[in-house]
Amino acid sequence: MALNEAFKEFSIEGKAALVIGAELPLGAAAAAALAEAGANLVLASQDPGTGDQLKELAKKISAMGRKAVVQVQSAISRADLSACMDLTVKELGALDILVNALDVPFFAPVEGTDDTAFERVIENNFKTFWTACQEAGRTMIQRGGGVIVNLTSIMAERGVPNATLYGAAQAAVLNLTRGLALEWARKNVRVNAIEMGWVEDPRSPAVNDEEFAKTLVRYLPEQRLLKPEELGGALLYLVSPAAAYVTGQSIAIDGGLLCRV
């Protein structure tokens, strides 16, 4: 295969993509990467009240010559997520790609975590993924197929003190990804995950807790945090025709952190 022919396997020119959680650092980076690679987008929020951030992102994407539609919603609402799938098809003509960039960090010792916190963490960090995948899957199956990428954390595979509940929710997303990949393999819907290392995110203790940040950076193999835009390469591979036989997999972007015993 000629080199220029091989590059076509990585093209998503004209594809219709939906990013949920586009107001968050990873979601915004995912949306920008998809737009740069040729996709048109619906930028959907994780939480209401984030319209200004989404509009700013939409301006940047429009400046690339891509269509960008803003949908302010609550990702814990099935009605909102279902309407978002319908909006994507209406505005973009299809739903080819879904990126779930949903994330609500939670750090607390187990003995100090009550049932209310438990329900909130599971709802925001697992049930939202479940519902978004379910609603998108129904749409994609009806229309002949699609690709879903769930952004999760390396805490899905490694325990971290004071992040036990959050990590359990991340692990649930990882296994959800694998189960859906098997269920939908013969329905032309691929489902994969990207496990993120410690990200430059103002909501993270890796950024907002100076003492924790110093200790963490010394422990990281590359001694730095992950920049949100560094997810772009792996994401574009997973959503492109080049990954047509890749489903149920996870790619870790963690600077080698999972290599530690």
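Guide: First, the residue classes: Ala, Val, Leu, Ile, Met, Phe, Trp, Tyr, Cys and Pro count as nonpolar, Asp, Glu, Lys and Arg as charged, and the others, Gly among them, as polar. This is a predicted model, where local features need pLDDT of at least 70 and side-chain atom pairs pLDDT 80 or more, while totals for chains, interfaces and linings use all residues. Residues are numbered from 1 along each chain as its sequence is written, and side-chain values use heavy atoms, with hydrogens and water left out.

Visitor: How is empty space found, and what is a pocket?
Guide: Rolling a probe the size of a water molecule over the atoms shows where empty space is left. On a 1 Å grid over the protein atoms alone, a cavity is a set of points where a 1.4 Å probe fits but cannot get out; a pocket is an open set with protein on both sides within 12 Å along at least five of seven lines; lining residues have an atom within 4 Å of a point. Points are joined across faces, edges and corners, and a volume is the space filled by probe spheres set on them.

Visitor: Which residues line the second largest pocket?
Guide: Among them are Lys15, Asp96, Asn188 and Arg190. By class, the lining has five nonpolar, four polar and three charged residues, and the volume is about 200 Å³.

Visitor: What volume does the largest pocket have?
Guide: About 390 Å³. Closest to its centre, of 19 lining residues, are Gly159, Val160, Pro161, Trp198 and Tyr219.
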